Amino acid sequence: MTCHVDVVIVGGGPAGVAAAITLARAGCRAVLAHVLPARDPRIGEGLPPTARGLLRKLGLLDRVLAAGHRPSHGTLAFWGANTPHANDFVSQLQGHGLQLDRRGFDAMLRGAAHEAGVEIVEASVRVERPGEPALDRPHRVQLREAGRTLTCRWVIDAGGRPATIARQLGAACVHYDRLVAFRLRLRARSASDQDGRTWVEAVEDGWWYSVLLPNGERVVAFLSDADLVDRRGLLTRNGLLAHLKGTTHISELCAQHGYRPSGQAHGSDACSAELTRASGAHWLAVGDASLAFDPLSSKGISSALHTGALGADAILAHETGDAEALRRYADHLRD
């Protein structure tokens, strides 16, 4: 049996949830499909103070602040000099940032979407392209693990950097560099480390960052161009830890508190990228699926929340007769 809904959102992170909540509150019947990966590389992510306004607009700020994430009071950067450059959030009107328990953060967001009336389905998705310019022909969406097929008027790709759905629907992804990231969790026997700032340190072949997670673990991450590093070697537990010794300040911080690896090293793509087009015949992309930034910019979650809500607004405007809404959305992302 095939069921018809207004919108299927693919991806259960901040971008997908922001779109889903915005649409559901406008009366749309929305289904959010997501898959919980067995190995989740999204660790040690900071929520900057500027994201508070986006969360407040979605009605989620108080819930996030009460969820036990670790306060982040700024960044400490060693970039081209041994003297640190400090960016203290206390001087910002929005207040402090947060170091997130990312799994818990995303789960909380999906819970809020469910409360807003969004149907949440744990399933991977395949979309049958309806063909352009046949705008009145619905998308046919297979929810694989759920064994269901939906038809819908709109599809939103919120599935992250792979942009799988957008590429199925005719877009292509343009990569502007070959930046890759390698991450390792560290754990200490004592809780002597209470430095909640994001540490950043440049080295000859890239740069590192480190943050203290809510559970007391510290994450170290190395970012470099894929041509400059031995990826296989860095993905070993001791390989990335040995490379950390090339830093001065972050390695000293870790040694001071007796940190040791608590898991395996993981790698992921971290390049700057965008789609050749962020919207098409009754579909659009949001978050990292539409455009992704170098992690040094700290734009990831803020951009996801912003583009998710903005993409949903574009769909709502289109449905009320604004034929230029999708084009303006895509132009805004390009700008």
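So, the surface: the protein chain exposes about 15500 Å², and carbon and sulfur atoms supply 50% of it; those areas come from the Shrake-Rupley method with a 1.4 Å probe. Bear in mind that this is a predicted model, where local features need pLDDT of at least 70, side-chain atom pairs count only at pLDDT 80 or more, and totals for chains, interfaces and linings use all residues. Side-chain values use heavy atoms, without hydrogens or water, and residues are numbered from 1 along each chain as its sequence is written.

What about the inside? Of the 335 residues, 50% count as buried, meaning under 20% relative accessible area, with exposed over 50% and partly exposed in between.

Now, aromatic rings. A search of the whole structure turns up 4 aromatic pairs. Rings of Phe, Tyr and Trp (its six-membered ring) pair if their centres lie within 6.5 Å; planes under 30 degrees apart are stacked, over 60 edge-to-face, and the rest tilted. Take Phe 78 and Trp 199: their centres are 6.0 Å apart and their planes at 35°, so that pair is tilted. Phe 78 sits in strand β5 and Trp 199 in strand β14, 121 residues apart; strands are DSSP runs (E, at least two residues), numbered from the N terminus. Both Phe 78 and Trp 199 are buried.

Next, Trp 79 and Trp 207, with centres 6.3 Å apart and planes at 55°, so this pair is tilted. Which of these counts as partly exposed? That's Trp 79, at 46% relative accessibility, while Trp 207, at 7%, counts as buried. And ring pairs link Trp 79, Trp 207 and Tyr 209 into a cluster.

Notes
Buried < 20%, exposed > 50% of the residue type's maximum accessible area, 1.4 Å probe, protein only. Helix = DSSP H or I, 4+ residues; strand = E, 2+ residues; numbered from the N terminus.
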